[in-house]
Amino acid sequence: MQDDTPELVKYATLNIPGHDPIELPVLRGTMGPEVIDIRALGKQGYFTYDPGFVSTAACSSRITFIDGAKGILLYRGYPIDQLATKANYLKVCYLLLKGELPDKEQYTHFENEIKHHTLIHEQITSLFKAFRRDSHPMAIMCGIAGALSAFYHDNLDIYDPEHREKTAIRLIAKIPTLAAMAYKYSIGHPFIYPQNKLSYAANFLHMMFATPSEDYEVNPVIARAMDRIFILHADHEQNASTSSVRLAGSSGANPYACIAAGIASLWGPAHGGANEACLRMLEQIGTTDRIPEFIARAKDKNDPFRLSGFGHRVYKAYDPRAVVMRETCHEVLNELHIENHPILDVATELERIALSDEYFIERHLYPNVDFYSGIILNAIGIPTSMFTVIFALARTVGWIAHWTEMQEMPESRIGRPRQIYVGKTLRQVKGGRSRL
Ligand code: ACO
């Protein structure tokens, strides 16, 4: 089979009493489980019911593969741990967008293109000033990302591949500038402009921590850790925020508006907001002797509390990103000579207890990527409210890669789920006359 056309392997027969048997094609991709193609069911008068899309593939995709049972994550076929240790974020961006790792010449060209677009339209700075200083930076990011379409409307023909590429470059280049501006605005500091001689990650740290009166010397170990956080968050197939981007984009909406939809979806504590929630939880626990109390709460069905940073919809084995993130976490703490870090002590003990507790073992609840990323970001000096912004920054390439792929796929249609209606049956307003 071609790598972008699922192969028809057999037919499944659906027997519904009172209805002729319905033959449904069973498709196979290049990897992963076989998939029953139910597209014809609607015409037979039936819908499928799958809240949370637990058993539903909404599209076919060439970008990212996850085997949750085995703890495997591949970007365009390459294992995440190899990319995290042997590539850098911009190479991974190129890979996600174009399908192959760049050669030297392609990389230089791509990096130059990104650097050429790091500045934002100066008028966007006035938009920031319309927000309250104490706004959550994710609220600012939702608003500003959508507003970009008002500034860069010269390349908004979604059917033109050159326009799509230009938009992808602009988004990847500008999002760190906007993220750092959201932070600077919240602390009342002047915005710091990008320094294109720096690497992508180092430039972000510079925009976060330099001031007009003081340079910020970027520590290469910290820049590398930041780059790794970006790589590990760059894509994760059809998660809630990527699906939001695809759904918004399926109507033909402009890509900046779609990215704003992705940012909004990512903000929730069950998704990208988990790294912020996790750090706040570790702070709330405070000392290791309080861990049993929180473990008991996590297990109590009458208590909505969950251990943030544990569990994943898809991974039922150790999250492969968490393995790399754990190592990076220790590198950063060593580099910064942080030994007796109370948050890390709580995190280490929490991880130990949860991994040996029957409740967590039975439900395959392992620490996820957010469990460690929060500790690293905290050690670097990034405020907790910026954690999800950094996730959004890194995931922008995944969102735009999926949005682009969707535009290129002939199977793409407007997304329109159905429902089981369980509300009132037909009734009349007093004095009303229905034609039904
Ligand atoms: N703490 C305690 N119990 C949990 C947790 C947790 N973090 N996560 C799941 N469970 C339990 C559930 O109560 C349920 O128990 P039951 O079978 O006795 O009813 C069982 O494990 C299965 O949980 P579901 O909610 O069905 O799993 P789902 O796939 O819907 O949820 C999710 C996945 C949202 C990630 C969940 O594990 C969670 O809320 N985790 C905490 C938030 C978090 O860390 N999110 C980050 C995800 S990674 C990312 O976005 C990068």
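Reader: What does the accessible surface of the protein chain come to, and how much of it belongs to carbon and sulfur atoms?

Author: The accessible surface is about 22300 Å². Carbon and sulfur atoms hold 52% of that area. Keep in mind that this is a predicted model.

Reader: How many helices and strands does the protein chain have?

Author: There are 17 helices and 6 strands.

Reader: What share of the residues count as buried?

Author: The cut-off is under 20% relative accessible area. In this chain, 47% of the 436 residues count as buried.

Reader: How do I read the contacts between residues at least 6 apart in sequence?

Author: Ask what part of them join residues at least 24 apart. Here that part is 69%.

Reader: How many positive and negative side chains are there, and how far apart do the centres of the two sets lie?

Author: Count 45 positive and 49 negative side chains. The centres of the two sets lie 8 Å apart.

Reader: Is H16 mostly covered or mostly open?

Author: Mostly covered: 11 of its 12 residues are buried. Among them are Val369, Phe371, Tyr372, Ile375 and Leu377. Asp370 is buried too.

Reader: What covers the buried residues of H16?

Author: The cover includes helices H7, H8, H11, H13, H14 and H17. Find H11 at 274–285 and H14 at 342–356.

Reader: What follows H16?

Author: Gly381, with a positive phi near 105°. Further on, Thr384 sits in the loop between H16 and H17. Thr384 counts as buried because its relative accessibility is 12%, and the cut-off is 20%.

Reader: Which residues is Thr384 in contact with, leaving aside its neighbours within four places in sequence?

Author: Glu276, Leu279, Arg280 and Glu283.

Reader: Which residue other than glycine has a phi near 55°?

Author: His337 has that positive value. His337 lies in the loop between H13 and H14. With a relative accessible area of 67%, His337 is exposed. Arg76 is also not a glycine, and its phi is positive, about 50°.

Reader: Where is the place of Arg76?

Author: In the loop between strands S5 and S6. Its relative accessible area is 21%, so Arg76 is partly exposed. Arg76 is also a contact of Gly99, as is Tyr94.

Reader: Is Gly99 buried or exposed?

Author: Gly99 counts as buried, at 17% relative accessibility. Look for it in the loop between H2 and H3. From Gly99 to Ile63 is 36 residues in sequence but 7.4 Å in space, C-alpha to C-alpha.

Reader: Which helix does Leu83 lie in?

Author: Helix H1, residues 80–86. Leu83 counts as buried, at 3% relative accessibility. Its contacts beyond four places in sequence include Tyr75, Val92, Leu95 and Ile231.

Reader: One last residue. Where is His236 found?

Author: In the loop between H8 and H9. His236 is buried, with a relative accessible area of 6%. Its contacts beyond four places in sequence include Thr64, Leu73, His312 and Arg395. Ile414 is 178 residues away along the chain, and its C-alpha is 22 Å from that of His236.

Key. Residues are numbered from 1 along each chain as its sequence is written. This is a predicted model: local features need pLDDT of at least 70, side-chain atom pairs count only at pLDDT 80 or more; totals for chains, interfaces and linings use all residues. Side-chain values use heavy atoms; hydrogens and water are left out. Helices (H or I, at least four residues) and strands (E, at least two) are DSSP runs, numbered from the N terminus. Buried means under 20% relative accessible area, exposed over 50%, partly exposed in between (1.4 Å probe, protein chains only). Contact means heavy atoms within 4.5 Å. Accessible areas come from the Shrake-Rupley method with a 1.4 Å probe; for residues, only the protein chains shown count as cover. Lys and Arg count as positive and Asp and Glu as negative; His and the chain ends are not counted. The place of a charge is taken as NZ of Lys, CZ of Arg, CG of Asp or CD of Glu.
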